[in-house]
Amino acid sequence: MTMSDGTSQEILSSDHFLSLPRPDPFTSTGVSVADGPDLEGIVDTTTLAAHDFDVDTRTGFMPPDPPVRRLPEQWEPWEAALQKAMHDRLQLAIKENITDEERQVSHRWRLEVKEVLLRRAHHVLTFIMHFYIHTLPLTVPVMIPASIGVPLLQVSKHLQLPPIATYSDTVLYNWQLKRAPPTREMEIESEWACALDLDNMKSQDLFTGTRDEEEFFLSSARIELRGVEALELMRASMDEIFVGDDIAVCRITSYLSRLAGVVHALTSLLMDVRKGCDPDVFYHRVRPWFCGQDSDPAERKWRFEGIDGFENDVEEPKNLSGPSAGQSALIHALDIFLGLDNCRSETSTTPTTGRADPRTLLRRMQIYMPRHHRAFLRHLSANPRPLRDFVMTKTPELVEAYNQAVGAVKGFRDAHIRIVALYIIGPASRERTGGERHLKGTGGTQLAQFLKGVRDNTADALLQ
């Protein structure tokens, strides 16, 4: 049945969709009819061309090609979270007779999903903030825009971290593999991390894009990975202290000797930073990017725009020091395990000199650690059977092994002082003209005084 144009106009109103001109969805920018609706975005329903609706002539609503198996690399945390959920065989919360262990597995997975994306958000936002602040002329006050500061403060509150770049942002959560693990199963189990080639890493994000900056960050990352063996030796020693018999004493003696060897290896990795990071490039081009408020070259106070609009009376952040190797939980763990007493002081100054106590400064560094790492150190500190007390009641061989471990840590501290002298104190002295301020580390500490105090406390822990 057909009808003339005149008949059509008699039956259909002028604004009926069949009476309207057909817009070309690829070229139309908003065709309209007088006194009629705007046609921009109106879908042409007079055709059912398959490709317009993702309907294949061979497979119908099923896609003609296999679906994408994995998101691009930048979305890998989502993929890893899904893989872990399937690998852990998470159970329905409404499952009958669900066990406490199954509930805990699900609980841990949910925490990890929340944490891993927030860690990346903290990393991205702090890097943006540092770029913003350190490109401002020194005569301009630091007012961090709400577009950066507000989400950073929210993310930091969830993570219980200061809203500043930390060691975890530049080292712990700022690397990727150059070569992928051989199998996906190895990645899921994280077995690859234990046998990771220390040279198979690269940084994800850098302020300068230089090899010097990357090697500076990666030298710490390699120390962290090599230190895994130290953590295992600590755990094994604590288990043996619980037993406390003669066999246990022999085993602990062996573990402490091995621990000394591991710390010597950490020292070598620390000194290797010289192979890829030039001191002058680091001091003049790299270090200024991640300095915090207390190392601001113009001594400006950093303020956050939009903080007054927060609920729960969010205050101006007080902890705005930059990243520092002193924020490594690994080194703190060695201090606590060996009883070196570098992390246990509650006083802010030494009674004889009035200077800041290095033990207090080290404890302040823990504010900048991921909260789970802080919890680990608290748990280690609460050990009811301290190693040092145990060693003092046992054999001369055990005392000697303990002193070897303590001596190795002192050697690590000595090496750190040499690196700081090479990369910070030396370049600073060469450029100094006129007045002198106390030289601070990237974490805001009074540098030379702090490091020497920690080193001397370590030396004092040797048993006679």
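## Surface and burial

In this predicted model, the chain presents an accessible surface of about 26,700 Å², with 54% of that area belonging to carbon and sulfur atoms; areas of this kind come from the Shrake-Rupley method with a 1.4 Å probe, and for residues only the protein chains shown count as cover. Of the 464 residues of the chain, 40% count as buried, where buried means under 20% relative accessible area, exposed over 50%, and partly exposed in between (1.4 Å probe, protein chains only).

## Basis of the model

Residues are numbered from 1 along each chain as its sequence is written, and side-chain values use heavy atoms, with hydrogens and water left out. Because the model is predicted, local features need pLDDT of at least 70 and side-chain atom pairs count only at pLDDT 80 or more, whereas totals for chains, interfaces and linings use all residues.

## Secondary structure and contacts

The chain holds 17 helices and four strands, which are DSSP runs numbered from the N terminus (helices H or I, at least four residues; strands E, at least two). Among the contacts in the chain with a separation of 6 or more, 72% are accounted for by residues 24 or more positions apart, a contact being heavy atoms within 4.5 Å.

## The loop at Asp272

Asp272 lies in the loop between α10 (246–271) and α11 (279–286), and is partly exposed, with a relative accessible area of 31%. Its C-alpha atom is separated by 9.3 Å from that of Glu215, a residue 57 residues apart from Asp272 along the chain.

## Cysteines

Cys250 is exposed at a relative accessible area of 54%, whereas Cys291 is buried at 6%. A search of the whole structure finds zero disulfides, a disulfide being a pair of cysteine sulfur atoms within 2.5 Å.
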